[in-house]
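Subject: Structure for your review

Dear colleague,

Please find below the structure I am handing over to you. My findings follow after it.

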Amino acid sequence: MNVFYLICLFVTICVVNGKMRPRGVSISMASKYQPNERNKFNCINGFGEIPYDHLNDDYCDCDDGTDEPGTSACANGKFHCTNAGYIPKYIQSSRVNDGVCDCCDGTDEYGGKIECVNNCKELGKAMREEQDQKRRLHEEGFKKRDGFIAEVKRIMEEKNVKIQELEKEKAELEVRLKELEALKAEHEGPEKEAKDRHEQVWKEQKEAKEKERSALRAREAFDDLDLNKDGFCDILEIIPHMEFDIDSNGIVSEEEAKEHLEDQEKVDFDEFSSKIWGNIQGIYKKLVPEEEKKETPPPVEPQGETETLVPPEEPQEEEHVDEEKMPEYDEETKALIAAADEARKKYEEADKRSKDIDGEITSLTSYLNTDYGKDKEFAVLRDQCYEYTDREYTYKLCPFSTASQRPKSGGHETNLGRWGRWEDDHYKTMVYDHGQNCWNGPDRSVKVHITCGPEHQLTNAYEPSRCEYAFDFVTPCACNQPPPVHDKDPHDEL
Ligand code: MAN
């Protein structure tokens, strides 16, 4: 059985468990401070030997300062604070007896300048409580991570099953789509034929009516032009019509009149309607007798239009409007259209579903193909967003999606980057890049530093260099090691 004992021979050297241990020396260094066979001390660097009682005599003998571990005599010396109950440490010898308590056990101040209180136990207690708290949080995170792994596994399986179901549905739909397409074509053929037929009839009717109207107008024009009513329209009857003044010199010459009559002196109605009317109907104007001109004030001509051919009494406009409208399809055609509409609708519905399935499969595949960490644990962060607000901005992180920033004072959100990759395979840093371009700078990007903690939380956001941001994110997903075993009392020395 080991019996611990401590005897201090002089103030400066104690004997602990049979070993000499001068002041300011740690247990681990004590063996180097034993007197040699000549009762001397060897400087630790090997250069020099001094009488054993010159240790800690407040005079620096060794170059390396090792003969004065407990005084401030050597400028390069080091004093060891035992700090029982807390963390042992070395301080510069110059701090020994300088009137400031550097060691929590107060052993650096024995010269009487100051009375130091030993508060190592309190410090040690607080430190261990903090360590305990950290450990508890780590443990909490570590347990949660296990739960996440199980949850993610279930989600992934569900998504895989969903993909399989969708692929099956898609394959069946392909067959159905072909059938529906054929059915659609089957109905659209007769539908088109019936519609074309109907439209053709309407077109012909329209043309016939137009022809009729044109003939009527030709007749009226001819009767109007044939002033002497001899059944011909001749050059002299053309001349009073100023609209036939080709060179705009104010008179219609015989040549000009003749040109409008296709180089003839006169034409009868048949020739007029077959050869002449088509060319002149766009310019011809009914002659207004002089008396009428005087009686009726000249009509105000609308801007941009120079001539109007239609006599005011003719109610043709309205007739035209009605004729422009195609009559309704007959019942048989309507039924064919309805059947084709139905076939089209069914085809389009199936086609839309097929496209939706493609979209769903793409998004599920992208979800499954993302790297969510060693055990896919980070997948629980997908489709979630976390915010952190500093004095100026609210930062938002939507893991595996985007990072953004919006001014607290209002204003638009700035895209700081889209999910890019893990910076390395330790799953400690995420990179979001290709964000909004920075004026005269790079595209914005973010590095997210991930550490273990009991809750998912964005704990900090900053901008180490212009438009290059850094986020700190705490999450149980990062608690991939069991919490460290409780630190034993860090102090192993007396
Ligand atoms: C905005 C913010 C800042 C950024 C500047 C760069 O104000 O996105 O974070 O530094 O633009 O001009």
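What pLDDT does the chain average, and what share of the residues score at least 70? The model is a predicted one; the chain averages a pLDDT of 90, and 89% of the residues score at least 70. Two stretches call for separate mention. Residues 300–319 have a pLDDT below 50, and the model gives this stretch 15 contacts beyond near neighbours in sequence. The pLDDT is also below 50 over residues 489–494, a stretch with 25 contacts beyond near neighbours in sequence.

Regarding the overall fold, the chain contains 8 helices and 17 strands. Of its 494 residues, 34% are buried. The accessible surface is about 30700 Å², and carbon and sulfur atoms account for 52% of that area. When contacts between residues at least 6 apart in sequence are considered, 45% join residues at least 24 apart.

With neighbours within four places in sequence set aside, Val448 is in contact with Leu397, Lys428, Thr429, Met430, Tyr432, Phe471 and Phe473.

Yours sincerely

Conventions
Residues numbered from 1 in each chain as written. Predicted model: local features only at pLDDT ≥ 70, side-chain atom pairs only at ≥ 80, totals over all residues. Heavy atoms only, no water. pLDDT = per-residue confidence, 0-100. Contact = heavy atoms within 4.5 Å. Helix = DSSP H or I, 4+ residues; strand = E, 2+ residues; numbered from the N terminus. Buried < 20%, exposed > 50% of the residue type's maximum accessible area, 1.4 Å probe, protein only. Areas by Shrake-Rupley, 256 points an atom, 1.4 Å probe, with all protein chains shown as cover.
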